[in-house]
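Let's take a walk through this structure together, starting with its strands and ending at a few individual residues. Please have the sequence and the 3D view open as you read.

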Amino acid sequence: MSATTKIENASWVIAWDGAAESHVYLRDADVVFTGADIDFVGTGYRGTADTVIDGAGLMVMPGLVDIHAHPGDEPKSKGLFEEMGSPMLHNTSLIEYMPLVRGDQEGANAALEFALCELLKSGCTTLCDLSGVREGWLDTLAKSGIRAYAAPMFRSARWYTPNGHELCYEWDEDAGKRSFAAALEVVDAAEAHDCGRLKGMISPAQIDTCTADLLKDSAAAAAERGMPWTVHASQSVVEFREMVRRHGQTPVEWLDGLGLLGPDKIIAHAIFVDHHPWLGWPTMDDLDRLGGAGANIAHCPGNFVRRGILLQDFRAYREAGVTIGLGTDTFPHNMIDEMRWAVTLAKVAAADVHSIGAGDVLDAATVGGARALGRDDIGRLGPGAKADIVLVDLAHPSMLPVRDPLRSLMFSALERPVRDVYVDGVLVVKDGDCLTLDHAAAGARLQEAQARALAGVAERDWAGRSADEAFPLSLELR
Ligand SMILES: [Zn+2]
């Protein structure tokens with residue numbers, strides 16, 4: 001028999017109203033779960049419980065759902081990439097700068113452990129990890145206690161630039177097929193993992209680096225397995241122009257023609273669709289294509305805004321019928337920080353304070369992501385949902401004064417008042433500390449990994465720049 005835990009008389013609860021299909025606040029309410037499943041959310045629970053937690057001074061909220069991240073790669077880029085983009089390649093950092101920093105397996109493991117600690121400590125309980133296949137990956141995800149989708153990436157080509165202004169592709173279609181086959185083994189192993197919290201996601205890396213056949217074959221494999229499918233598309237101006245050059249179609253139009261938009265697919269990041277002002281494009285049809293197909297997008301505003309790039313805009317996508325889920329994409333792996341970017345940048349993009357609100361962004365970070373993954377049992381607190389639960393300390397100074405705790409969290413406090421986190425009914429963060437992984441030790445390993453990754457930058461750079469020349473410090477070092 002599984003034990004029953006009752007969080008009693010919580011000052012605030014963000015509960016799921018199934019009839020209204022929305023999150024609502026409850027005051028002085030109980031949240032009860034047995035094993036991995038929530039039994040009760042409401043006032044006046046009359047059953048018994050093995051463990052009772054005093055909910056006074058706490059907000060109980062659903063665990064957050066991160067549908068797009070690269071935690072094995074991105075953490076090592078802190079201090080390097082924040083303000084890097086190629087002006088001659090429309091501000092993207094992907095082509096010229098990303099290939100300069102080369103990680104190794106130990107560095108990827110350190111980065112993943114570090115990011116998992118950040119995610120759990122910021123109330124994230126489900127992660128979609130888009131990474132390269134490597135040994136130990138699934139076991140680290142399992143050890144952390146998080147609920148995870150392993151999404152091994154594969155592609156038929158790699159980007160490079162010989163001069164900082166030209167986007168080139170080195171194609172190796174057979175290598176793409178081999179890494180697709182390896183990815184299928186990993187997603188099947190994830191689903192079979194005995195922790196029971198891992199799933200697979202099929203992830204051809206980018207629309208412009210995969211052949212049409214690889215995209216279609218991978219979508220068929222996803223459908224066969226009942227797994228979500230995701231691809232980066234409409235993520236840069238140069239990619240948009242490249243797809244038009246190849247096909248005479250926008251990236252979204254091309255995907256639509258291949259049958260690769262739909263409710264079981266996630267498009268990351270779908271920013272450079274044909275109405276985006278940086279494109280100056282004569283049509284404005286992509287948003288209707290996305291919405292008409294019931295597409296999902298992975299919205300990761302924090303990464304893009306560092307290069308001055310905005311989704312135009314959150315509300316318009318939603319009104320077109322697009323389901324928006326949130327992802328962290330890069331460092332910091334902090335979903336509450338991402339929520340703050342999402343809500344503020346939506347207002348900036350729309351030039352309208354009332355464009356969207358904190359509740360809309362909570363939806364994206366919870367049930368929006370869940371819907372994109374085809375699930376109705378995560379991202380919500382209600383009977384039958386998984387016990388993925390976050391306890392927020394309302395007495396933390398960053399939350400005070402508490403009148404609207406979601407706004408306090410999103411606009412002021414971020415992860416600081418997150419006290420305890422449960423995934424599948426298991427306590428994984430207690431009093432702000434991650435119980436499953438050593439955050440400080442992972443950070444020390446990550447520091448060493450970054451140093452290793454920066455060796456040899458000059459040999460990889462088209463201009464032969466050293467690491468310090470390619471990635472200058474923000475202030476002059478004297
Ligand atoms: Zn990405």
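How many bridges join β7 to strand β8 (residues 147-154)? Six bridges join these two strands, and they run parallel. Before going further, please note that this is a predicted model, in which local features need pLDDT of at least 70 and side-chain atom pairs count only at pLDDT 80 or more, while totals for chains, interfaces and linings use all residues. Residues are numbered from 1 along each chain as its sequence is written, and side-chain values use heavy atoms, with hydrogens and water left out.

**Strands and crossovers**

Helices (H or I, at least four residues) and strands (E, at least two) are DSSP runs numbered from the N terminus, and two strands pair if DSSP finds at least two bridges between them. On its other pairing, β7 runs parallel to β6, with four bridges joining them. All of the pairings discussed here are listed below with one example of a residue pair.

| Strands | Bridges | Sense | Example pair |
|---|---|---|---|
| β6 and β7 | four | parallel | Leu-64 and Cys-124 |
| β7 and β8 | six | parallel | Leu-130 and Ala-151 |
| β13 and β14 | five | parallel | Ala-233 and His-269 |
| β14 and β15 | two | parallel | Ile-267 and Ile-297 |

Strand β7 (residues 124-131) has eight of its eight residues buried, so the rest of the structure largely encloses it; buried means under 20% relative accessible area, exposed over 50%, and partly exposed in between (1.4 Å probe, protein chains only). Strand β14 (residues 265-269) is mostly covered too, with five of its five residues buried.

A right-handed β-α-β unit is made by β6, α1 and β7, another by β7, helix α2 (residues 137-144) and β8, and another by β14, helix α7 (residues 286-292) and β15. Right-handed here means that, with the strands pointing away from the viewer, the path from the first strand over the helix to the second runs clockwise.

**The zinc site**

Which residues coordinate the zinc ion? They are His-68 (NE2), His-70 (NE2), His-232 (NE2) and Asp-329 (OD), at 2.0 to 2.8 Å. Donors are N, O and S atoms within 2.8 Å of the metal (3.2 Å for Na, K and Ca), and water is not among the atoms, so sites may look incomplete. In sequence, the donor residues follow the spacing H-x1-H-x161-H-x96-D. His-70, in the loop between β6 (64-69) and α1 (105-121), and His-232, in strand β13 (residues 229-233), are 162 residues apart and link distant parts of the chain. His-70 counts as buried because its relative accessibility is 7%, and His-232 is buried at 5%.

The arrangement is irregular because the four donor atoms subtend angles of 85 to 165° around the zinc ion. Four donors count as tetrahedral if all angles lie between 85 and 135 degrees; four count as square planar and six as octahedral if opposite donors are over 155 degrees apart and all others between 65 and 115; anything else is irregular.

**A residue in β18**

Asp-420 sits in strand β18 (residues 418-423). Is Asp-420 buried or exposed? At 7% relative accessibility, Asp-420 counts as buried.
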